[in-house]
Amino acid sequence: MPSQSWARSLPGPEFRILIPVAFLASCAAPVALQSEPGEIAQSVHQRDVTRTPIAEVVEVARLEAIDLPQPSAADLTDPTSVGYWQACAYTWNPGVRAARRELQAAVGLAKSAGAPAPLGLQSMLHEVPEGKDLVDGQLSIEWTRLLGLGPAEAERELARTEVLQATSGLEAALWSTCFKVERSRVSLAAARARYTALEQLQSDLQTDRVRLEILHAHGRLTAAAWEGVEARTHSLAAAVSRLRVQEAKAEALLSGVSGVPMGHPSLAVPVQAQILSADLGTTDAGGLLDRHPLLRRERITLAVAEVQLRRVAAKAWPEVRIGPHVSLITDAPTLGGLVQLQLPWPSSWRGELEATEARRARQLERIEEAYLEQLARIEQSRASHADALVQRDLHSPAMERGAAAMWGASRARLHEGEEPMSRWFDFFDNRLDSSHLVIDAWEQEQLARIDLQDHLGPLSPDNRQPRSSEPDSEVSL
């Protein structure tokens, strides 16, 4: 073989131009994020729901299917309305944001699903006798995927189903977040209302303490009895301190579920707790699988399992690559064709097919289990709500009225000098313990009602009631 320069073995100019073209075709530049610590903190503390496109969040999740209201423009400027907090949660709740990004990712992946296989381009340079060069090139295309058959069709169908699954995930996140917001607003309303319940007791104690201090100064009240008065004073102060902690926890809970940062002015606005208006007396068990977002998501997951099974079965399809083949010896080109057939071994997909069938069967079992659990949660919530109603309307008011009456009578006898201190202590302790009974019962009834509505899911169109602008039940602070 004659010796020659290494440069002769390089591709000709007509092939060298393909190298920079290939590199340019592979370039992609993602958008940069503002991820500096100062930028992140500023973004959180300057959140303003009035500048957020709420409609884009709620419309993509098909809120009509899950019967959730879309906050109005007036709600976005009124922190006392339920729509304001739901708008915040729809925008900044971590679960909703994660579900929204999952949906965006699924939509993006669907654009590439079932795409044709890459073009196969091969070029070789051979040295032949008489000082000539042989340039041998071939281009091949996988026609099965190009025509959208077999694996390509299964991939597109799977991508469409995964978009539907991500949409149902966003629906479920919005549904559960709506009730999380209501629960946290109820807890905050109750925590703030408990202050009012202690104000009267604080006033009573301060009045009685003045008289008892005078008696103690003149030796008509024993040191032990005065220490008891001091103990009750500190006990009441400790109760007020615990209320501050409860309020702070309730604010933190509302901040977490709504995405409104602690210290935001809207958190200081008095809360009027409100829940969705609904008929809680009926259970349409047959329609529960169709309407409840959590069960709908499980059913769509079964559809995904079905498509995944078909995708595995599509692996049995052969790969067919067809394209031209060109041979060029100096100035004498030869044109031919290329056919390449790849047949998969049955063992490469049969085991995976059996495993996918088992996963599909398991998903059907999950739907049955989730349905049974949901029915059990409904009945448990219904019993809890019925008990909470009795406590709110019957037991707690009677107990608190009785404790207040006995405390008032004891104070009257004390001022007349006819009440032993031991009985005054007992009635004070009883009044302190009962001061929150009505508020506690209200809170429990509201939470039980919210749980029941959550577990029942959206009502069927025939059972839906017109929405009222007034809250079903509220605490005025």
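Predicted model: local features only at pLDDT ≥ 70, side-chain atom pairs only at ≥ 80, totals over all residues.
Residues are numbered from 1 along each chain as its sequence is written, and side-chain values use heavy atoms, with hydrogens and water left out.

I went to Trp 407 and Phe 428, whose ring centres are 5.6 Å apart with planes at 65°, so I recorded the pair as edge-to-face. Trp 407 lies in helix H13 (residues 347-415) and Phe 428 in helix H14 (residues 421-434), so this pair ties together parts that are 21 residues apart in sequence; helices here are DSSP runs of H or I with at least four residues, strands are E runs of at least two, and both are numbered from the N terminus. Trp 407 is buried at a relative accessible area of 2%, and Phe 428 is buried at 0%, where buried means under 20% relative accessible area, exposed over 50% and partly exposed in between, with a 1.4 Å probe and protein chains only.

I then read Trp 424 and Phe 425, whose ring centres are 5.6 Å apart with planes at 65°, so this pair is edge-to-face too. Both of these residues are buried, and Trp 407, Trp 424, Phe 425 and Phe 428 form one aromatic cluster. Arg 232 lies over the face of Phe 425, at 4.4 Å from the ring centre, the criterion being NZ of Lys or CZ of Arg within 6 Å of the ring centre and within 35 degrees of the ring normal.

Entry on the whole protein. I counted 15 helices and four strands, and 39% of the 477 residues are buried. Among contacts (heavy atoms within 4.5 Å) between residues at least 6 apart in sequence, 79% join residues at least 24 apart.

Entry on H6 and Ser 140. In helix H6 (residues 82-92) I found 11 of its 11 residues buried, among them Tyr 84, Trp 85 and Trp 92. I placed Ser 140 in strand E2 (residues 132-142), and Ser 140 counts as buried because its relative accessibility is 7%.

Notes: Phe/Tyr/Trp six-rings, centres within 6.5 Å; stacked < 30°, edge-to-face > 60°.
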